[in-house]
Amino acid sequence: MEKVDKALLDASVMPDKNGFFGEYGGRFVPPMLEPLMQEITDAYQKIKDDPVFKEELLYLQKHYTGRPSPLFYAKNLTNKLGGAKIYLKREDLNHTGAHKINHCLGEALLAKKMGKKKLIAETGAGQHGVALATAAALVGLECDIYMGEVDIKKEHPNVVRMGILGAKVIPATHGLKTLKEAVDAAFEAYLKDPVNQLYAIGSVVGPHPFPMMVRDFQSIVGVEAKEQILEAEGKAPDNVVACVGGGSNAIGIFSAFLDDESVKIHGIEPAGTSFKTGEHAATLSLGKPGMIHGFKCYLLQDENGEPAPVNTVASGLDYPGVGPQHSYLKDIKRVNYDSITDKEAIDAFFELSRYEGIIPALESAHAVAYAIKIAADLPKDQTIVVNLSGRGDKDIDYVVEKYGNDYGL
Amino acid sequence: MNRIKQLFQDKKDILSIYYTAGYPNLGDTVPILETLEKSGADLVEIGIPFSDPLADGPTIQHSGETALKNGMSLNVLFEQLAEVRSKVKMPLILMGYINTVHKYGIEAFAEKCNEVGVDGVILPDLPFQVYLDEYKDTFDKFGVSNIFLITPQTPDARIKLIDEKTNGFIYMVSSASVTGAKKGLSDEQLAYFDRVNQLNLDNPALIGFGIGDNASYKETCKFADGAIIGSAFVKLLGESGDLHQNIQSFIKSIKG
């Protein structure tokens, strides 16, 4: 880590008032969207420290989501690898099965306070969609979820869940028909009726205030993990690992450790099947700064500035952009961004299932795979905290169909 | 005097047409331009296609997608426009999204605009403050005007600042929606036009979004220096029949 003013890592001054994390983030939106983003910013700033809102959210986190999520020592996996102790932050045990519920509850309460009637959002793997549909049902709002046609086929169980929860799933049918196109469709729908709808974007991406607001709602993951590891080990962790698509689960756990230079932080991107264009989504590793969906970030793009096609086994990581704060943390070298292939993620998916009885989401399996990769070479008195951001129930059919043969299924 | 200023000095009820470069076919960009000038369009905005156009409705989105499939890019567009000034005289504006230009390089882009004879640029997702801080000097150096969009929600102070810091025209988005929205003027829109007119801006103003026939064009011209037609024209380009014949009849019908 280069010498960085610690204050710049402080959430209270990052981003600046225009939503910039260094040169990244901001609000690169047409003027029709600008006042809508400001409306959300103002509403969020107003309620975030409101004791009634905080109490309401705290209650739901505890009694609805089931927080705090446990920090589990993965002893079998650790013993097998023979190196650093691996701890899992069990966001997979949250109600709805992933970390996404953390910001969805916040956004749903915000929408309700703003007098909105409907929540809309994009979803990739369907985790954010399910979490938002859940939150909408709970607080009494309608919910439209935009989802790429390809993902709708791949993530069938989540599509069904959203329907059961009363949400409408609307396919995005242009381009590659995955997450990026779902975001386009959601923005378009949002502009049609900004008065009654609130766009609850699914990650720490998009125009200001989303990267800040979603981070703030996710930061509880880091706050808990920090306390839990201290209790278990009597010291801060040596390593923190999380997968990065847009980067919401990662920023959630990272945010508590950024100012502690003794903690190595690793953000893991999907390397897909190769580093050829269109066969991965390793944005921070191979992208160049650019603007997409209203913010500046590292972006996988071609020589004409068109967002490049992306592909990974994990739909939730399938995005050519990445959160602006991650882009900034890469530049100042505070976080080590690395990548894991589809194959390594699938291996980790089965390894965690068979050694610990925990089926991870394919997204989270990328973080697990990285921990497996580094654990053996680290001393036994060191620790790795992995953010197990979601459970793998949604992925089982896809994994067995595509990879089952290699694992005796 | 630059071509944009000259136009507004010479003419009233400006008809500005937007279309997407490379649509319906890659080679149509310049022929469409020539037909537009012959048919009586006063100003043209050529859209640089982008796959994630946050300000555009389905019609223009679709044209962009097709154009990209056809192989359109900023490089190709500049190649097509290399000889354009021997063919058309009217002011030309490029309209696109910031990432395309950012990737091309701001300086290279502004220089190329100047070289081929592009008079102005509209980048709807470029924040005004970022423009002032990072882009303005470069565009000024090459004499390329930046045109900014305002909406019914844009505060007076911002409109005045845009007026002060840019020279070209002000693009008044008639409603806070994406392109290709409904026709007809509401009380809110009339109040908005009135509010802008009372600011006594130095720059002329054109009204865009939701204009597609003679009635809406004429109506709009009462409140500004002219009107911009986008989606309705792009939709026409996708229709069957002789492209150039269609364009001529369309412009004629608009002008009435």
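Buried area is the accessible area (1.4 Å probe) that two parts lose on being put together, summed over both. In this predicted model, chain B and chain A bury about 2600 Å² between them. Carbon and sulfur atoms give 61% of that area. On the chain B side, B:Asp52, B:Leu54 and B:Lys103 lose the most area to chain A, together 25% of what that side buries. Local features need pLDDT of at least 70, side-chain atom pairs count only at pLDDT 80 or more, and totals for chains, interfaces and linings use all residues. Side-chain values use heavy atoms, with hydrogens and water left out.

Contact (heavy atoms within 4.5 Å) links 31 residues of chain B with 32 residues of chain A. The rule finds one salt bridge across the interface, defined as a side-chain nitrogen of Lys or Arg within 4 Å of a carboxyl oxygen of Asp or Glu. The side chains of B:Asp52 and A:Lys180 form a salt bridge, at 3.0 Å from N to O.

Two cis peptide bonds were examined. One joins A:His208 and A:Pro209, with omega about 20 degrees. The other joins B:Tyr23 and B:Pro24, with omega about 0 degrees.

Positive phi values occur at two non-glycine residues, A:Lys177 and B:Asn200. A:Lys177 has a phi of about 60 degrees. A:Lys177 is partly exposed, at 26% relative accessible area. B:Asn200 has a phi of about 50 degrees. B:Asn200 is exposed, at 65%. Here buried means under 20% relative accessible area, exposed over 50%, and partly exposed in between (1.4 Å probe, protein chains only).

How values were computed:
Residues are numbered from 1 along each chain as its sequence is written. Chains are lettered from A and ligands numbered from 1 in the order in which they are written.
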